[in-house]
Amino acid sequence: AATCTAACTIGHHCPEGSGAPTPCPRNTYMPDMGAATCTVCPAFSSTSGTGATSVQECKCGVGFYSDAVAGSDVSQCVACPEGSTTLTSGATSGSQCVCEEGRYNSVTDDGTVSCPRCRDSIQFSNTEVAGARSVEESACIVGYYKEDVAGTLTCTECDRAVMDCSRPGITVANMPIMRGGWRMSNATSTVYACFN
């Protein structure tokens, strides 16, 4: 191992062939003075810059959260459950995992939480961002509009001759009508042709 010619503070090391203290590279840390090499962050974690001085500066990446290792002051990064992720890096609890885009939070009667795909509950639906708390937050894809049919949410194909469903998220209430068409109210999907 190389010997530093200047004082080597924590967060620095002396790379082979160099006598100058160098900050530990990104994704490593140096907790003690005088150590020959920097320690690599735990799996699925990284530091925000160079010169980290403790393992606590290693933050779990997106999709993972920090969980303490039994009998140790070190944490490991645990993957969020299937179909979920974190919105940012550095999550410190599984409660920060949210459903991925295209999925929604579902809780069964026994308290089990899962993130089923929107399209499996409402065909032709999706979410545009992560974190949907229920299937009601899903939106229909381009070419379909959302409506309630006898108490069941569905995505119904638009009549392209009279309905403008060129963007996702169209509902009966906000459906744009093509030029030359009209409807009685925004509560109906029945579109009529104008007389003139």
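**Close-up views of a predicted model**

View 1. Tyrosine 144 sits across from glutamate 157 of strand 16. This is a predicted model. Strand 15 covers residues 144–149 and strand 16 covers residues 152–157. The two strands run antiparallel, and 6 bridges join them. Between the strands of this hairpin there are 2 residues. Alanine 150, in the turn, has a positive phi of about 55°. In a regular strand, side chains alternate between the two faces of the sheet.

**View 2. The disulfide of cysteine 60 and cysteine 77.** The whole structure contains 7 disulfides. One of them joins cysteine 60 to cysteine 77, with an S to S distance of 2.2 Å. About the S-S bond the angle is -95°, and the link is left-handed. The pair connects distant parts of the chain, 17 residues apart: cysteine 60 belongs to strand 6 (residues 59–60) and cysteine 77 to strand 8 (residues 75–79). Cysteine 60 has a relative accessible area of 3% and is therefore buried. Cysteine 77, with a relative accessible area of 14%, is buried too. The cut-off for buried is under 20% relative accessible area.

**View 3. The disulfide of cysteine 80 and cysteine 97.** The sulfur atoms of cysteine 80 and cysteine 97 lie 2.1 Å apart and form a disulfide. The torsion about this S-S bond is about -75°, so the disulfide is left-handed. The two cysteines are 17 residues apart and link distant parts of the chain. Cysteine 80 lies in the loop between strand 8 and strand 9 (84–85), while cysteine 97 lies in the loop between strand 9 and strand 10 (98–99). Cysteine 80 counts as buried because its relative accessibility is 10%. For cysteine 97 the relative accessibility is 15%, so this residue also counts as buried.

**View 4. The disulfide of cysteine 158 and cysteine 165.** A disulfide with an S to S distance of 1.8 Å joins cysteine 158 to cysteine 165. The torsion about the S-S bond is about -85°, so this disulfide is left-handed. Cysteine 158 and cysteine 165 are both buried.

View 5. A disulfide is a covalent bond between the sulfur atoms of two cysteines. The cysteine sulfur closest to that of cysteine 118 is in cysteine 99, at 8.6 Å, which is too far for a bond. The limit used for a disulfide is a pair of sulfur atoms within 2.5 Å. Cysteine 118 has a relative accessibility of 0% and so counts as buried. Cysteine 194, in contrast, has a relative accessible area of 35% and is partly exposed.

**View 6. The second largest pocket.** This pocket holds about 160 Å³ of space. The lining of the second largest pocket consists of 14 residues, and those nearest its centre are Cys97, Cys99, Asn105, Val113 and Cys115. Strand 10 and strand 12 (113–114) are the elements that give two or more residues to the lining. By class, the lining of the second largest pocket has 7 nonpolar, 5 polar and 2 charged residues. Cys97, named here in the lining, is also the disulfide partner of cysteine 80. Cys99, likewise in the lining, carries the sulfur closest to that of cysteine 118.

How values were computed:
Residues numbered from 1 in each chain as written. Predicted model: local features only at pLDDT ≥ 70, side-chain atom pairs only at ≥ 80, totals over all residues. Heavy atoms only, no water. Pairing = 2+ DSSP bridges. Helix = DSSP H or I, 4+ residues; strand = E, 2+ residues; numbered from the N terminus. Buried < 20%, exposed > 50% of the residue type's maximum accessible area, 1.4 Å probe, protein only. 1 Å grid on protein atoms, 1.4 Å probe; cavity = no way out; pocket = protein on both sides within 12 Å on 5 of 7 lines; lining within 4 Å. Points joined across faces, edges and corners; volume = space filled by probe spheres on them. Nonpolar A, V, L, I, M, F, W, Y, C, P; charged D, E, K, R; others polar.
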